[in-house]
Amino acid sequence: MADRSEMSPRDRVRRAAKAAAAGALLAAGAHRVIRAIRTRQAGGARVLLLSYHRATLDFAESARDAIPSMLVSAATLRRHLEHLARAWEIVSLSDAARILAEGPRGPGRAFAAVTFDDGYADNHAVALPVLAALRIPATVYVATGFTGSDARFAHDRLFATLRELARRGIPPDRAGLPAALQAFLTAAIGPSPVETLDRLIAWTPHPVVLAVAEALEERTGRTPADLPPGARPLDWDELRELAAAGLDVGGHSVLHAALPNLPLADAIREVEGCRDDIAAHLGRPPRHFAYPNGFHSPAIRSAVRAAGFETGSTTDDRENVRGCDPYALRRKVLWEGSTLGPLGYSEALATCSFDGVFGALKLHRPPPGERPDPVPRPEPASESGQRAAS
């Protein structure tokens, strides 16, 4: 929803009920009990990784033409970080990884690290001033095929065209795409444009996702150039300025493809390609990698390790424990609505979100990002025959 005035009565009731439940749980001390249990399970140090995408000065305005669940306002981002800093020690991702491997230097504490995915230009224009004012370290993961280019992310292109179909009253299963592409789109239909594009990206080969986006643009007359200015990716000068300001620049593939949906050789090229792009432009290779859309597999994690990355981050919404796999780090994805109650920002919801209260009580069960390994690309018959003969 773009803002509170556009919520349906059902949405308002659900948001009010969630905020009321958060308040009741805090009054009962549930967050303190969960903190104690989590600290013990974590071997003395809890490590929470947060993931954001876009930062905007005006959430309601930006949400009119962008995916709302990818947006956080500068004001809410600041409140999140100030709230977090009262109970957690905010550290760099490299320090968080060290703590998970070695344990804390001193009494058991709660640690958090902040990350931004995709590499939107507003990470520089909007998020950086907030981070700098609060002196908070962060990692920005970039899909380098978009950095400094006129290209736009497939998810933004799909959202714009699916929403345009909805505005015209055209169901996605009657979009009139070529038969093969229409079949993929019809299989992914959800109750909203966002859920449809999520389903499409989750299980569809990336080249098909791009083909569907192009076909929908032809069908609706929309082009990537019609997307709002906020959809612009960072350019390399902005990325260098982020690095100079102390932010860590991490890899997020080249084309922001769901890696398990690619042949393994292509997935490896996505991992190594973003590493090489960042090294060429910033003068040193990145240390951290985030799996696009949070989807990963054993072979993908091995590829990230082999490419020289120190960590790989998912979007599995759980805290990290000491000794966990550094190539399957878990992150909590946040946006404006994560802490929005019926009357505005909710401290109770923020506390329950950061402490994982709803998840611990099985009231929130996000789907995991673990997938089967990609299928290796078949070898040409002549090559396989030659190898067999040898």
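This is a predicted model: local features need pLDDT of at least 70, side-chain atom pairs count only at pLDDT 80 or more; totals for chains, interfaces and linings use all residues.

Student: How many helices and strands does the chain have?

Tutor: The chain has 16 helices and twelve strands. Its C-alpha trace spans about 65 × 55 × 40 Å along the principal axes.

Student: What does the radius of gyration say about the chain?

Tutor: The value is set against that of a compact globule, which for 390 residues would be near 21 Å; the chain has 21 Å, so the two agree. Buried residues make up 53% of the 390 residues. Of the contacts with a separation of 6 or more, 71% are between residues 24 or more positions apart.

Student: How should I read a nonpolar core, and which residues of the largest one touch the most other members?

Tutor: In soluble globular proteins, nonpolar side chains tend to be buried together. Here the largest nonpolar core holds 35 residues, and those touching the most other members are Tyr52, Leu77, Leu84, Val114, Phe116 and Phe354. Several elements each supply at least two residues of this core, among them strand E1 (46–52), helix H4 (74–87), strand E5 (110–116) and helix H14 (347–354). The largest share, five residues, comes from H6.

Student: Beyond its neighbours within four places in sequence, what is Tyr52 in contact with?

Tutor: The contacts of Tyr52 include Val72, Leu77, His80, Val114, Phe116 and Leu334. Apart from this core lies another, of 26 residues, including Ile67, Ile170, Leu197 and Ile201.

Student: How is a pair of aromatic rings described?

Tutor: Such a pair is described by the distance of the centres and the angle of the planes. This structure holds six aromatic pairs.

Student: Why is Phe59 called buried, and why is Trp335 called partly exposed?

Tutor: Buried means under 20% relative accessible area. Phe59 has 11% and is therefore buried, while Trp335 has 23% and therefore counts as partly exposed.

Student: Which residues do ring pairs link into a cluster?

Tutor: The cluster consists of Tyr120, Phe146 and Phe153. Phe146 and Phe153 form a tilted pair, with 4.4 Å between centres and 35 degrees between planes. Both Phe146 and Phe153 are buried. Over the ring of Tyr120 sits the charged end of Arg54, 5.7 Å from the ring centre. Elsewhere, Arg371 lies over the face of Phe295, at 4.0 Å from the ring centre.

Student: Which residue other than glycine has a phi near 80 degrees, and where does that residue lie?

Tutor: That residue is Ser253, whose phi is positive. Ser253 lies in the loop between strand E7 (248–251) and helix H12 (264–282). With 0% relative accessibility, Ser253 counts as buried. Asn293, also not a glycine, has a positive phi of about 60 degrees. Asn293 is found in the loop between strand E8 (288–290) and helix H13 (298–306). Its relative accessible area is 31%, so Asn293 is partly exposed.

Key
Residues are numbered from 1 along each chain as its sequence is written. Side-chain values use heavy atoms; hydrogens and water are left out. Rings of Phe, Tyr and Trp (its six-membered ring) pair if their centres lie within 6.5 Å; planes under 30 degrees apart count as stacked, over 60 as edge-to-face and the rest as tilted. Buried means under 20% relative accessible area, exposed over 50%, partly exposed in between (1.4 Å probe, protein chains only). A charge sits over a ring if NZ of Lys or CZ of Arg is within 6 Å of the ring centre and within 35 degrees of the ring normal. A nonpolar core is a set of buried Ala, Val, Leu, Ile, Met, Phe, Trp, Tyr and Cys residues joined through side-chain atoms within 4.5 Å. Helices (H or I, at least four residues) and strands (E, at least two) are DSSP runs, numbered from the N terminus. Contact means heavy atoms within 4.5 Å. The radius of gyration is taken over C-alpha atoms; the globule rule is 2.2 Å times the number of residues to the power 0.38.
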